[in-house]
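Open the model in your viewer and keep the selection tool at hand. The stops below say what to select and what is there.

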Amino acid sequence: MGFRKPPDGGWGWVIVVVSFFTQFLCYGSPLAVGVLYLEWLDAFGEGKGKTAWVGSLANGIGLLASPVCSICVSSFGARPVAIFSGFMVAGGLMMSSFAPNIYFLYISYGIVVGLGCGLLYTATVTITCQYFDKHRGLALGLISTGSSVGLFIYAALQRELIELYGLDGCLLIVGALSLNILACGTLMRPVESSSSPPPEKMCVDKVPDQYFVYHEKEKTVEENISILEKGYIDEKCVNNVPDCKQDSILNKNVLSSININEKDTYKKKVVEQTNFCKQLAKRKWQLYLTYWKETMLLFKNKVFSALFVAILLFDIGGFPPSLLMEDVARSANISEDDYYMPLISIIGIMTTVGKLILGILADFKWVNTLYLYVTTLLMTGVALFAIPFAKSYLTLAMLSGVLGFLTGNWSIFPYVTTKTVGIEKLTHAYGILMFFAGLGNSLGPPIVGWFYDWTQEYDTAFYFSGFCVLLGGFLLLLAALPCWNACTNQSSKLPPNTYSYKVASNA
């Protein structure tokens, strides 16, 4: 059996459109949660660190649960997962409007909405990759901008809805808008397979009968023997009464021999089943050990180890501005009359620009992608250090734009991972790195909020954030300097590796 070759067009462009709107609808509110963060601070009166957990969980839990999300999409398909996740996101947002305390929001907004977003992200990326091969990079680039556009629009939309209908009404309306994900999910038609029978049916046919229908056969044999025995004895007893007793004894002897053979067969089949289970468990254990051995080999690569530290520190320090920038402006006593556009909207639109421009730069042969990524980290650290000195809307808006543009380095992160570990280990390595990115997203805003609770000002918090990002950038630079040229030389000597890197870049 074989699935049809990716069409690279046709219904695939419908998949791109619905995937774009799916990410727009599901990630719009969680990425623009900074607007809601201010309202939750006033509504519940909790500390900034405790309140920041809501937004950090909503954005980090999907990355932390990425292995589970991948298993769900692989097992059930993109369409059912997208529809189910649409209910999760919409239901979580609507439940949040009735939250009596901050702890309720941890579950309704942080976990339910966050997990739904993670499932939807995996579903949209998976179905898009199934429909595209040659144009996969373009398709993935288009759908990835959905979250950034959602951040830009939802930041202003949620602010207007709060002014008109209050916090509870805003969450109800945003949750109702998220129900449009269901319509998008129904259009995620899977790629048609060839006329051959599906693999599940073939696998079932090849499995020996004893693993499935043995008990049914056993029961049928016993019933037939019982019926035959009864009918034969009754007939003999009616026609020839003296022979009835003798035939009954004879039949019992025959049946006892049949039962002995059936018992031997049953024992044999039990042994076969036991051996099958043992072999399966042994194979699974070997796969588990192989996975951890490959993981340990990845961490022996010092560039990969530095990359893992860098992405963790970058998300701890670089993610909080998108959540806390509105509160930073309020803490600086900036008048609402000076607010021409929400700072989070500026971050969102500049993130879209950054993804496109940095992605284009990474395609140039003369650009070293790792050095480009390190440059974005170092510049992000400097911008974070400058936030305490910004006391006007204009300076905060400029810094928001710079930080948003540099956050677009997510578009080149797969390039860097591929160049570090190779295309054959990309899936394994990228999954590990995304887990730690989710951990950084979850920890960053609460840590910055706790700094404010301790010091009653954001200066120390953003000095800490800038230090984290700069430390990660310098560690990655130091790890890459001695061996990066050697890696580049090896890739130039082996054309297949160079070709694989280009393919990964498009992906």
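How are α3 and α4 oriented to each other? Select residues 48–64 for helix α3 and residues 66–76 for helix α4: their axes come within 5 Å and cross at roughly 60°. The two helices are therefore oblique to each other. The scale for such angles counts under 35 degrees as roughly parallel, over 145 as roughly antiparallel, 65 to 115 as roughly perpendicular and the rest as oblique. Axes here are lines fitted to C-alpha atoms, for helices over the stretch in contact, with angles running from 0 to 180 degrees between N-to-C directions. Show side chains where G62, L63 and L64 of α3 meet S66, P67 and C69 of α4; contact means heavy atoms within 4.5 Å.

Some background before the next stop. This is a predicted model, in which local features need pLDDT of at least 70 and side-chain atom pairs count only at pLDDT 80 or more, while totals for chains, interfaces and linings use all residues. Residues are numbered from 1 along each chain as its sequence is written, and side-chain values use heavy atoms, with hydrogens and water left out.

Now zoom out to the whole protein. It has 20 helices and 0 strands; these are DSSP runs (helices H or I, at least four residues; strands E, at least two), numbered from the N terminus. Of the 507 residues, 46% are buried, where buried means under 20% relative accessible area, exposed over 50% and partly exposed in between (1.4 Å probe, protein chains only). Among contacts with a separation of 6 or more, 84% are between residues 24 or more positions apart.

Next, select helix α15 (residues 369–386) and helix α17 (residues 413–421). Their axes come within 9 Å and cross at roughly 130°. That angle makes α15 oblique to α17. The crossing is left-handed, meaning that the near helix is turned anticlockwise from the far one by less than a right angle (clockwise would be right-handed). T369, L370 and Y373 in α15 meet F413, Y415 and V416 in α17.

Stay in this region and select N409, in the loop between α16 (393–407) and α17. Is N409 buried or exposed? N409 counts as buried, at 1% relative accessibility. Beyond its neighbours within four places in sequence, N409 touches F314, L358, Y373, T376 and L377.

Move on to Q456, in the loop between α18 (426–455) and α19 (459–493). Q456 counts as exposed because its relative accessibility is 53%. Its phi is near 60°, a positive value in a residue other than glycine. Most residues other than glycine have a negative phi.

The rings come next. Rings of Phe, Tyr and Trp (its six-membered ring) pair if their centres lie within 6.5 Å; planes under 30 degrees apart count as stacked, over 60 as edge-to-face and the rest as tilted. By this rule there are 14 aromatic pairs. One of them joins Y452 and Y458, tilted, with 4.6 Å centre to centre and 40° between the planes. Y458 also pairs with F462: the centres are 5.8 Å apart and the planes at 50°, so this pair is tilted. Y458 and F462 are both buried, and Y452 counts as buried at 14% relative accessibility.

For another case, select R189 and W11: the charged end of R189 sits over the ring of W11, 4.2 Å from its centre.

Last, select F20, F21, F24 and Y154, which form one aromatic cluster.

Conventions. Lys NZ or Arg CZ within 6 Å of the ring centre and 35° of its normal.
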